[in-house]
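Have it open while you read.

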Amino acid sequence: MLIVSLTYRVPMDVVEAHLEAHRSWLRDAVERGLVVAAGRKNPRTGGILLSLAERGALEAAIAEDPFSVYGVADFEVTEADMTTAAAGFEALLA
């Protein structure tokens with residue numbers, strides 16, 4: 001599994017200006033099977049993406065995310081081998 005932590009680099013008004021384009025990118029990434037879940041951090045300093053894709057494919061997609069293209073957020077990708085999951089989340093296991 002890949003866990004992607006996005007951290008905003010710019011003021012919130014700039015984030016908001018690019019948010020709809022990012023959401024469009026995100027919907028496409030989900031449709032393509034690159035992202036299985038995503039959401040905002042709380043407090044709202046960025047977001048989290050969960051992926052079961054190959055790292056290279058995910059990183060190539062991230063490079064096309066408007067948040068990446070326009071320098072809105074930094075992206076940190078962490079690889080994790082999940083070994084335990086609650087019922088219904090078995091697909092997340094390595």
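1. The buried residues of H2 are covered by, among others, S1, H1, S3, helix H3 (66–69) and S4. Contact here means heavy atoms within 4.5 Å; helices (H or I, at least four residues) and strands (E, at least two) are DSSP runs, numbered from the N terminus.

2. A word on the source: this is a predicted model, where local features need pLDDT of at least 70 and side-chain atom pairs count only at pLDDT 80 or more, while totals for chains, interfaces and linings use all residues. Residues are numbered from 1 along each chain as its sequence is written, and side-chain values use heavy atoms, with hydrogens and water left out.

3. Which residues of H2 are buried? Leu58, Ala61 and Ile62 (buried is under 20% relative accessible area, exposed over 50%, partly exposed in between; 1.4 Å probe, protein chains only). Looking down the axis of H2, these buried residues fall within an arc of 100°, so they line one face of the helix; the arc is that of the directions from the helix axis to the C-beta atoms.

4. The sheet is open, with four strands in the order S2-S3-S1-S4 and antiparallel pairing. Pairing takes at least two DSSP bridges between two strands. S2 (37–40) and S4 (73–79) are the edge strands, each pairing on one side only.

5. S1 (residues 2–8) pairs with S4 over seven bridges; Tyr8 has Ala73 in S4 as its bridge partner.

6. His22 sits in H1 (residues 12–31) and is buried, at 8% relative accessible area. Beyond its neighbours within four places in sequence, His22 contacts Leu6, Asp65, Pro66 and Phe67.
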